[in-house]
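Here's a quick tour for anyone meeting this structure for the first time. Have a look at the picture, then read on.

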Amino acid sequence: MDARLHDDDAVSLRTRKAELPLYISRIKVYPRAIKGLWRRVKWTALVLLLGLYYAVPWLRWDRGPDAPDQAILIDLDGRRGWFFDIVIWPQEIYFVTGFLILGAFGLFFATALFGRIWCGYACPQTVWTDLFMLVERLIEGDRNERMRLDRLPMSAGKAARKALKHTVWLAIAAATGGAWVFYYVDAPSTLVKIFRGEASLEVYLFIGLLTATTYTLAGWAREQVCTYMCPWPRFQAAMLDEQSVIVTYQKWRGEPRGKHKAGASWDGRGDCVDCNLCVAVCPTGIDIRDGQQIECIGCGLCIDACNQTMGKVDRPPNLILWDTLANQQAKEKGAGGATWRPLRPRTLLYAALLLVVTAVMLGAFWLRTDTELTVQRDRSPNFVRLSNGDIRNSYAVKILNKSRDERHLRLAVDGLPGATIGVVGTDVQGGAAGTQLIVHPDSVGTFRVFLTVPAGAAPSGSKSIEFTAGDTAGRKSASHDAVFVGPAR
């Protein structure tokens, strides 16, 4: 009886979809549980990805005194990102940009080779929706049982099961929101503060916001996110070609489809017995036999479902399989299989872009220094004429010390003969080596600097100069271009 109900519902769903107007309310999808290779791959990806997501904020990393010991921390108050032994400062935002570009090109490359593998296995919406559906299945039962439960009038038993399901969903969503916040604050101490009611308003606000979005998107919206909200399905068409490996139905082998009785001949008919199991297990509720569709996330569950049916009717597996359109077209024409060509213009282009961006990123890391100098000239007034006729410009100088040691640096200027430097600030000391600027570990030192030139040596108008910061031995640590402005003659 369950099988008949399942078949009738699948046929009814397809019929209703064909007859529906353009704008309609959502038709709820009830995915059925299935076992098989690709389902195991999805469970493995889910465990690994969620395990990393929840565990990473709790990893510790010793960086010495007065430094956070969280391995990965986006410290908004300290305005830097800690990634094990790497510290990214706001001035190095280009590293974040580079990683985002790498991620984009990596996604393009994977899509050109294997279709929507990201959507089917690694997308956060897919991963959390899988987890939410597992909870729903454990509490309310599999597909047919959930459909029957939703048709029943509200009762104490139904209300209890629904309440339990949503309670678990909210708990998962809250853990998800909390884990995300833990990437921006110290996880152990913040967790204690959350339960004691001592955390900041911002922590509670963002946990609540992320809890609400996770609960809504994974619990209620589900396939609607993939179909209507996510832009990626619209982009992927430009990255796929006939050599991309995608989930496809072998129409040449499966048609004409129809019910099959045990012992009946297979002559004059295809291998598809029209069981609709591929539709029933699809998380977006589509029929892969209708060809490529924007709703297909390439998860491969229909492959497991079809192989299960093929085994029962004693037919070869992989009526639905991962394959290229070129290979399918060749088989349909009776020409045998076409050779898969992973190396083709678009994949080579994406691979080249990945290599270029990776090389640039590695070069930037290799050339990055632990000291940075920035100079901003005061523009009002452009210059000051002193009582003895000398010309003075003033500058705001900032020195970023990325190291864990205190730095003693000498400030010098090139390109302006006869200039003298005066520095105002608390972290300034004089000595035999001249004026030294003290920059504390892992911090930015800010100084007000006066550059004075004798009247006879002052340039007319503006002149390009270079500020340098070096150690007491004269080795240059950082430099910055600036200008000195004198009276026009």
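**A first look**

Asn318 has a relative accessibility of 33%, so Asn318 counts as partly exposed (buried is under 20% relative accessible area, exposed over 50%, partly exposed in between, with a 1.4 Å probe and protein chains only). Keep in mind that this is a predicted model, where local features need pLDDT of at least 70 and side-chain atom pairs count only at pLDDT 80 or more, while totals for chains, interfaces and linings use all residues. Residues are numbered from 1 along each chain as its sequence is written, and side-chain values use heavy atoms, with hydrogens and water left out.

- Asn318 isn't a glycine, yet its phi is positive, at about 65 degrees.
- You'll find Asn318 in the loop between helix H14 (301-312) and strand S5 (helices, H or I of at least four residues, and strands, E of at least two, are DSSP runs numbered from the N terminus).
- Asp442, another residue other than glycine, has a positive phi near 55 degrees; Asp442 sits in the loop between strand S12 (436-439) and strand S13 (443-453).
- With 10% relative accessibility, Asp442 counts as buried.
- The peptide bond from Glu255 to Pro256 is cis, with omega near -5 degrees, and Pro256 is in the loop between H12 and helix H13 (277-281).
- The peptide bond from Ser380 to Pro381 is cis too, with omega near 0 degrees; Pro381 belongs to the loop between strand S6 (371-377) and strand S7 (384-385).

**Helices and their packing**

- Two packed helices are described by the angle between their axes and the distance between the axes.
- The axes of H2 and helix H5 (residues 124-140) come within 10 Å and cross at roughly 105 degrees (axes are lines fitted to C-alpha atoms, for helices over the stretch in contact, and angles run from 0 to 180 degrees between N-to-C directions).
- H2 and H5 are therefore roughly perpendicular to each other (under 35 degrees counts as roughly parallel, over 145 as roughly antiparallel, 65 to 115 as roughly perpendicular and the rest as oblique).
- Among the residues that meet are Trp43 and Leu46 from H2, and Trp128 and Leu131 from H5 (contact means heavy atoms within 4.5 Å).
- Phe182 is in helix H7 (residues 156-182) and, at 7% relative accessibility, counts as buried.
- Leaving aside neighbours within four places in sequence, Phe182 touches several residues, including Pro57, Trp58 and Ile194.
- Phe182 and Tyr54 are 128 residues apart in sequence, but 9.2 Å apart in space, C-alpha to C-alpha.
- Helix H15 (residues 325-332) has Ala326, Asn327, Gln328 and Ala330 as its buried residues, and these pack against strand S4 (246-249), helix H12 (251-254) and strand S5 (320-323).

**Salt bridges**

- The whole structure has 29 salt bridges (each is a side-chain nitrogen of Lys or Arg within 4 Å of a carboxyl oxygen of Asp or Glu).
- Lys162 pairs with Glu140, their closest N and O atoms being 3.3 Å apart. This pair links distant parts of the chain, with Lys162 in helix H7 and Glu140 in helix H5, 22 residues apart.
- Both Lys162 and Glu140 are buried.
- A network of salt bridges links residues including Lys28, Glu136, Glu140, Lys162 and Arg222.
- Lys331 and Asp323 also meet in a salt bridge, at 4.0 Å from N to O; Lys331 counts as partly exposed at 26% relative accessibility, whereas Asp323 counts as buried at 8%.
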